[in-house]
Amino acid sequence: MITLHDNGVFLSEGVLRTSAPLSAEEGRKRTLAWEILQTHSVSGNPEKLQVRFDAMASHDITYVGIIQQARASGMREFPLPYALTNCHNSLCAVGGTINEDDHVFGLSAARKYGGIYVPANQSVIHSYAREQLAGCGKMILGSDSHTRYGALGTMAVGEGGPELAKQLLRNTWDVPYPSVVLVYLTGAPKRGVGPHDVAIALVKATFERGFVNNCVLEFAGPGIAGLPIDYRNGIDVMTTETTCLSSIWETDRETQGFYEAHGRGEEYKELHPGEFAYYDKYIELDLSRVEPMIALPFHPSNAWTVREFLDNAPDILAGVEADARKRYPKAKIDLAQKVRDGGVWADQGIIAGCAGGLFDNITEAADILRGGNCGGGYFALDVYPTSVPVSLELTKIGATADLLQSGAVIKPSFCGPCFGAGDVPAHNGLSLRHTTRNFPNREGSKPGEGQFAAVCLMDARSIAATARHGGRIVPATEVDYEAVRHPYHFDKGVYEKRVYNGYGKPQPETELILGPNITDWPKIRPLARNLLVELAAVLRDPVTTTDELIPSGETSSYRSNPLRLAEFTLSRREPAYVGRAKAAAELESKRLAGEAPEKLQALLSRAGAKAEETQFGSCVFANRPGDGSAREQAASCQKVLGGFANICYEFATKRYRSNCINWGILPFTLEEEVDFPYEPGDCVFVPEIRKAIAEGREDIPAKVLKAGGGEVELILHVRGLTAEEREIILDGCLMNYYAKRAN
């Protein structure tokens, strides 16, 4: 089905070749990735990219903070098309007026600075970007990790908010030229196998090995021709879960049809790799061999075929239970009850968001359910079309009626089920979702309060097949139905009548409307001569997600209030963290006031350092932090609480490491063979850290001061910082960096 090859390969006339009449170096320049990245880079150095994007998009969890950062740094107008969508904090009953206050701020900012404002429930962020911003050969930056439009010939990148603030300030996205990995598609999917099945299989094959970490995936091969555009988009958006940097696909008549259907035919260009394009690695994916898949908690890579899962459900679910009990000792977990009456029973099905709510997914789900029903038991099916135009077309062709008649509920465009802000199952509920993630707590449960629910990722087709059987899990390949392909008609009037498009027409006289929860960032100080940090959290999990660093769900309401949001940092993974970090910050506050407390004086004495030259704060250790969402708050909340460093063996994603740097958090790494047996309360002293960063040193001596006495020498690494990143860390954060230069 999927074969990974660690060696390079040439592609010529659509065929894989081991040799070529040119060098690998020349062949690298013939990939789509090379052409698009170099066209958008202004560095003049092909190995060190400085990219300016064609457009940007943010949703209502992130755009307030981004605009506040850029405004504080001197921004006067949006220099590129910037869409502000309202698809995450759309539940305006949560948190009082907070969410709608953010929306009103967004509209006032779009008017003031010349932006695009997409009201709540009109479209999810990635649907609007596909429909209105994408273009062949273009690049788009989004403050959401699933910013992926490669199937439309657009290289898109999900990053933390500071990277978008840089673009608003006419700066660049800086990254070394990445490795490019070919995904070579052959065959054709069988009936009942959807894009989520292909995507989950790809994530399973690549994630654990880190096979494509921070690489660009380039899709080519004869298998593409048989895939409808929604199918391609459904695979592409899930490439984020492989931890790749971006993606790009060959384009063809199917791609052209998408742009023409949306009244934007001029955005189409035929894109193909050049003859003997060279790829650093390659993946062979035979679509004909893909089976319906299910990803069990707590990651999309924790996957089996649905049939394999059903045949071994007691053992597989026992493994999930054991994992969950380690993570959540307070919760009473019982998934074994789902195995009964000759099957495995789910409590909920959700088809939603940028991956699930696509037109073709929903029409085929309607085909499966037509004439059937979801039953009157505990199982419920909710369907969220990805945009109002999609919802309108589903209504016109009768798919909405078919779903409603089956007992499904049609809901507005909203991303909530993907991150735990909607359709939260009951305790011990098992939810099947065609959404992007099933990380811990993505379904909205609170294990710290004894609650637990489990999310499994499945394709819309198998979810519909399961719904037709009243919640008994069934792969769609085992259901008899006829799939009808419907041409899609986009009604542009929907957006013309409701979306505010002010790009290129800023109204600087417009006053920003600031609700009481929208606050400025607290003052952040530059890096001092020496650094002394106390370990406030030590996380031994193989991977720590951004959801664990700052939970999603109802916490999203506070994303415009840095101090209130920071109270949730690591709350569902290490509840003691906030108290420890605050205690360290209080000591630092007293040091700055010239009143270093006895505890701090004792530590400084052990370190041989002076109080006036040594910053004190907190630090997080994790083996591999930062998988998942692009949300900058995973780093900024640590900084707000007085965090100065992360120590790890490897950062899970480039975007989380960038978030740390942009918030002035030292991105320390260790060699794999170095043991780190230290616990919360132990401190790490890094002498002359400011000088080391300023001089670009990458190997930095440090000393662990153990809480129980004793000291251990340690070498920390800070590798690959650009000159600008060094200055950002020295200044304390990106906002300080820009403010300093503006003054």
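Modeller: Phe298 is buried, at a relative accessible area of 8%; here buried means under 20%, exposed over 50% and partly exposed in between, using a 1.4 Å probe and protein chains only. Please keep in mind that this is a predicted model, where local features need pLDDT of at least 70, side-chain atom pairs count only at pLDDT 80 or more, and totals for chains, interfaces and linings use all residues. Residues are numbered from 1 along each chain as its sequence is written, and side-chain values use heavy atoms, with hydrogens and water left out.

A pair of aromatic rings is described by the distance of the centres and the angle of the planes. Rings of Phe, Tyr and Trp (its six-membered ring) pair if their centres lie within 6.5 Å, and planes under 30 degrees apart are stacked, over 60 edge-to-face and the rest tilted. There are 20 aromatic pairs by this rule. In one of them, Phe298 and Phe452 have ring centres 6.4 Å apart and planes at 75 degrees, so they are edge-to-face. Phe298 sits in the loop between strand 16 (293–295) and strand 17 (303–305), and Phe452 in the loop between strand 23 (429–434) and strand 24 (453–457), so the pair ties together parts 154 residues apart in sequence. Strands are DSSP runs of E with at least two residues, helices runs of H or I with at least four, and both are numbered from the N terminus. Phe452 is buried too, at 1% relative accessibility.

Phe490 and Tyr495 give us another pair: their ring centres are 5.9 Å apart and their planes at 55 degrees, so this pair is tilted. Both Phe490 and Tyr495 are buried. Elsewhere, ring pairs join Phe621, Tyr649, Phe676 and Tyr678 in a cluster.

Let's turn to a loop residue. Thr477 lies between helix 17 (460–468) and helix 18 (493–498), and counts as partly exposed at 25% relative accessibility. Leaving aside residues up to four places away in sequence, Thr477 touches Lys190, Arg191, Gly192, Val193 and Pro292, where contact means heavy atoms within 4.5 Å. The C-alpha atoms of Thr477 and Ala465 are separated by 8.8 Å, with the two residues 12 apart along the chain.

Finally, a helix contact: Ala634, Ala635 and Gln638 in helix 23 meet Tyr656, Asn659 and Cys660 in helix 24.
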